[in-house]
Amino acid sequence: MIGRIVGTLVEKTPPELLVDVNGVGYEISASMTTIYDLPQSGGLVTLFTHLIVKEDSHTLFGFADKNERALFRILIKVNGIGPKMALAILSSMSSDELISNVQDSDVTALTRIPGVGKKTAERLIIELRDKLGQAAKNDLFSTPAVLRQVQADPRQEAEAALISLGYKPQEAAKAIAGVPVDAANSEDVIRAALKGMLRK
């Protein structure tokens, strides 16, 4: 899985970027939040990335920081929210604003995002609360607390890896759910999940 890209920004045609890395041009989709932070063409950029593999395409998504990437990985697991919609959400508000709106159950703020209706906004709030896990349950619903929890959780990392390998989010979640909770790191979780799926 490609986790980070460092290279020269060749083209910036939102939401697409072209980054040259030692002579290889990577086409990367990015949120407007990330694009606003980038230099002009010719500048050096560092992007944290998430690769989505489908039968007919390999799409690389880039983010200015790990926080935004963590939220993207959570968003694409929400029912009815694909990568394009996740980028639209992250383009419309910062990570802080998104977490705050979910915390406050602010349906109105979320429906201002293009393509997000009331039902989608309500589903976002319910599922994001669930997927942000223990941090939300403990009322530690601040950006640093939530993102520390997400990034440090090997099960979350493993689930994101399985999705990047081409498994559907529901398949990945089911496979991870079957892994013993004492798995030490994301590699152990992935190995156990894959073995579990092969046995079925």
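This is a predicted model: local features need pLDDT of at least 70, side-chain atom pairs count only at pLDDT 80 or more; totals for chains, interfaces and linings use all residues.
Figure 1. Isoleucine 28 belongs to strand E3. Setting aside neighbours within four places in sequence, the contacts of isoleucine 28 are Ile5, Pro15, Glu16, Leu17, Val19, Leu47, Leu60, Phe61 and Gly62.

**Figure 2. The cis peptide bond between proline 14 and proline 15.** The bond that runs from proline 14 to proline 15 is cis, and its omega is near 5°. Proline 15 sits in the loop between strand E1 (4–13) and strand E2 (16–21). Proline 15 is also among the contacts of serine 29, the residue shown in the next view.

Figure 3. Serine 29 is part of strand E3. Is serine 29 buried or exposed? Serine 29 has a relative accessible area of 8%, and because buried means under 20%, it is classed as buried. The side chains of serine 29 and glutamate 16 are joined by a polar contact of 3.1 Å. With neighbours within four places in sequence left out, serine 29 is in contact with Pro15, Glu16, Thr59, Leu60, Phe61, Gly62 and Leu87.

**Figure 4. The largest pocket and its lining.** The volume of the largest pocket is about 270 Å³. Its lining consists of 17 residues, and those nearest the centre are Ser29, Phe61, Pro83, Lys84 and Leu87. Which elements each supply at least two residues of this lining? They are strand E3 (24–30), strand E4 (44–54), E5 and H3. H3 gives the largest share, 5 residues. Sorted by class, the lining of the largest pocket has 8 nonpolar, 5 polar and 4 charged residues.

**Figure 5. The largest nonpolar core.** In soluble globular proteins, nonpolar side chains tend to be buried together. The largest nonpolar core in this model has 37 residues, and the members that touch the most others are Phe72, Leu75, Ile81, Ile89, Leu98, Leu124 and Leu128. Two or more residues of this core come from each of strand E5 (57–63), helix H2 (66–75), helix H3 (83–92), helix H4 (95–103), helix H6 (118–131), helix H9 (154–164), helix H10 (169–177) and helix H11 (186–199). The element that gives the most to this core is H3, with 5 residues. Another core lies apart from this one; it has 13 residues, among them Ile28, Leu38, Val45 and Leu47.

**Figure 6. Leucine 98 and its contacts.** Which residues are in contact with leucine 98, leaving aside its neighbours within four places in sequence? They are Leu71, Leu75, Ile89, Leu90, Met93, Leu110 and Leu128. Among these partners, Leu75, Ile89 and Leu128 are named, with Leu98, as members of the largest nonpolar core that touch the most other members.

**Figure 7. Helix H2, from its start to its buried residues.** At the start of H2, a side-chain oxygen of aspartate 65 comes to within 3.1 Å of the backbone nitrogen of asparagine 67. How many of the 10 residues of H2 are buried? The number is 8, and H2 is described as mostly covered. The buried residues of H2 are Glu68, Arg69, Ala70, Leu71, Phe72, Arg73, Ile74 and Leu75.

**Figure 8. Two loop residues with a positive phi.** Asparagine 22 is not a glycine, yet its phi is positive, at about 50°. Asparagine 22 lies in the loop between E2 and E3. With a relative accessible area of 79%, asparagine 22 is exposed. Serine 105 is not a glycine either, and its phi is also positive, at about 50°. The loop that holds serine 105 runs between H4 and helix H5 (107–111). Serine 105 has a relative accessible area of 39%, so it counts as partly exposed.

**Figure 9. The protein chain as a whole, for orientation.** The chain has 11 helices and 5 strands. Of its 200 residues, 44% count as buried. Among contacts with a separation of 6 or more, 52% are between residues 24 or more positions apart.

Notes:
Residues are numbered from 1 along each chain as its sequence is written. Side-chain values use heavy atoms; hydrogens and water are left out. A nonpolar core is a set of buried Ala, Val, Leu, Ile, Met, Phe, Trp, Tyr and Cys residues joined through side-chain atoms within 4.5 Å. Buried means under 20% relative accessible area, exposed over 50%, partly exposed in between (1.4 Å probe, protein chains only). Helices (H or I, at least four residues) and strands (E, at least two) are DSSP runs, numbered from the N terminus. Contact means heavy atoms within 4.5 Å. A polar contact is a pair of N or O atoms within 3.5 Å; within protein, one must be able to donate a hydrogen and the other to accept it, and residues adjacent in sequence count only if both atoms are side-chain atoms. On a 1 Å grid over the protein atoms alone, a cavity is a set of points where a 1.4 Å probe fits but cannot get out, and a pocket is an open set with protein on both sides within 12 Å along at least five of seven lines; lining residues have an atom within 4 Å of a point. Grid points are joined across faces, edges and corners, and a volume is the space filled by probe spheres set on the points. Ala, Val, Leu, Ile, Met, Phe, Trp, Tyr, Cys and Pro count as nonpolar, Asp, Glu, Lys and Arg as charged, and the others, Gly among them, as polar.
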